[in-house]
Amino acid sequence: MDLRETEVVTRISVNIDTDDFAAAAALGERFIGEFEATELEICRADPEGGWKGYLVSVGYRTPPADDEELAGTLHRAALPALFQFGLNAEFFEIHGTPETGQYGSYDAYDTQADGFTLYSLMAAVGGTDPREPAYVTRHDFTPRAETDVISRVHLYVPTGDLRLAVGLCGRPATDLSASLVRISTDAGPCEAVLLSAFPALAGESGEEALSRVTNEVTDRLSGVSMSVRAIHTGLDDDPFYTEPG
């Protein structure tokens with residue numbers, strides 16, 4: 001079995017009330033350094049979801065110890081984050097059973113910290129696949145419309161240093177007005193996923209909007225000094241989203 005399939009990923013999620021992507025990225029880089037994180041997500045808050053600014057999440061990995069039960073690994077994995085934020089480890093709860101699957105969480109109750117709010121702390125086996133579908137907001141924080149075109153760009157980032165990758169992705173994220181950026185590393189070069197929501201123009205059909213946005217995204221990526229692995233566009237939903245059933 002691949003060891004990574006048994007590692008616990010502790011995911012720290014915070015809100016920073018700013019409309020400056022660079023400030024959100026800087027907070028992400030800080031967490032990467034503090035926790036030796038292997039995955040990062042920065043996304044604009046949904047204007048209808050209660051938060052303002054950006055949501056920043058990082059995940060760090062903890063391998064299991066010999067003969068250690070999962071509940072023990074979950075507790076041990078969460079300790080660095082609990083200590084860093086001054087949280088009481090007694091309130092870190094294990095959910096589920098060994099038979100059905102287990103994960104651990106701390107109800108942060110929107111804990112205020114230095115310039116941000118901690119709203120979630122969870123530990124579970126496995127990490128976040130950057131290719132998982134996601135909801136993406138508009139870059140100007142206005143509500144989404146069913147006619148919006150969603151673009152998903154996959155980039156190969158020529159570094160295994162997650163903090164350096166954040167800096168390298170700043171330019172394309174800005175050029176694409178990206179509202180969601182995921183970057184991860186797995187003991188090798190980083191992979192980045194950037195999602196954007198583009199409003200349709202007045203009188204534009206769905207096919208016309210898709211074609212226009214695809215051309216715009218391709219043009220904006222022409223100056224990026226990274227390998228563009230894929231560009232996907234879709235109407236209303238993340239192109240990777242599929243209806244259940």
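## Notebook: salt bridges and a domain interface

I opened with helix α1, where arginine 30 and glutamate 34 both sit, 4 residues apart, or about one turn of the helix. This is a predicted model, so I kept that in mind for everything below. The two side chains meet in a salt bridge, 3.2 Å from N to O. I then looked up how open the pair is: arginine 30 counts as partly exposed because its relative accessibility is 34%, and glutamate 34 is partly exposed too, with a relative accessible area of 34%.

**Entry: another pair in a helix.** I went to helix α4 (residues 206-220), which holds arginine 212 and glutamate 216, 4 residues apart, again about one turn of the helix. They form a salt bridge whose closest N and O atoms are 3.1 Å apart. Arginine 212 has a relative accessible area of 17%, so I noted it as buried, the cut-off being under 20%. Glutamate 216, at 25% relative accessibility, counts as partly exposed.

Entry: Which residue forms a salt bridge with arginine 152? I found aspartate 238, with the closest N and O atoms 2.7 Å apart. The pair links distant parts of the chain, 86 residues apart: arginine 152 is in strand β8 (residues 149-157), and aspartate 238 is in the segment after β11 (227-235). Are these two buried or exposed? Arginine 152 is buried, with a relative accessible area of 0%, and aspartate 238 is buried at 4%. For the whole model, I logged 14 salt bridges by this rule.

**Entry: the two domains.** The domain assignment gives domain 1 (3-125) and domain 2 (149-234). I have their C-alpha centres at 25 Å apart. In the contact list, 14 residues of domain 1 meet 14 residues of domain 2. The area buried between the domains is about 1,300 Å², and carbon and sulfur atoms give 57% of that. Phe21, Leu40 and Arg44 supply 34% of the area that domain 1 buries against domain 2, more than any other three residues.

Entry: Across the interface, 5 residue pairs are in polar contact. On the side of domain 1 that touches domain 2, the elements giving two or more residues are α1 (21-35) and β2 (39-44). The largest share of that side, 6 residues, comes from β2. I sorted the residues of that side into 7 nonpolar, 2 polar and 5 charged.

**Entry: threonine 185.** I found threonine 185 in the loop between β9 (180-184) and β10 (190-198). At 12% relative accessibility, threonine 185 counts as buried. Leaving out residues up to four places away in sequence, threonine 185 touches Thr38, Gly160 and Cys190. A polar atom of the threonine 185 side chain lies 2.7 Å from the backbone oxygen of glycine 188. I also checked alanine 165, 20 residues away along the chain, and its C-alpha atom is separated from that of threonine 185 by 9.4 Å.

**Entry: serine 120.** My last stop was serine 120, in strand β7 (residues 117-125). Why does serine 120 count as buried? Its relative accessibility is 18%, and buried means under 20%. Not counting residues up to four places away in sequence, serine 120 touches Arg11, Ile12, Ser13 and Ala108.

Conventions
Residues are numbered from 1 along each chain as its sequence is written. This is a predicted model: local features need pLDDT of at least 70, side-chain atom pairs count only at pLDDT 80 or more; totals for chains, interfaces and linings use all residues. Side-chain values use heavy atoms; hydrogens and water are left out. Domain bounds come from an automatic or database domain assignment. Contact means heavy atoms within 4.5 Å. Buried area is the accessible area (1.4 Å probe) that two parts lose on being put together, summed over both. A polar contact is a pair of N or O atoms within 3.5 Å; within protein, one must be able to donate a hydrogen and the other to accept it, and residues adjacent in sequence count only if both atoms are side-chain atoms. Ala, Val, Leu, Ile, Met, Phe, Trp, Tyr, Cys and Pro count as nonpolar, Asp, Glu, Lys and Arg as charged, and the others, Gly among them, as polar. Buried means under 20% relative accessible area, exposed over 50%, partly exposed in between (1.4 Å probe, protein chains only). A salt bridge is a side-chain nitrogen of Lys or Arg within 4 Å of a carboxyl oxygen of Asp or Glu.
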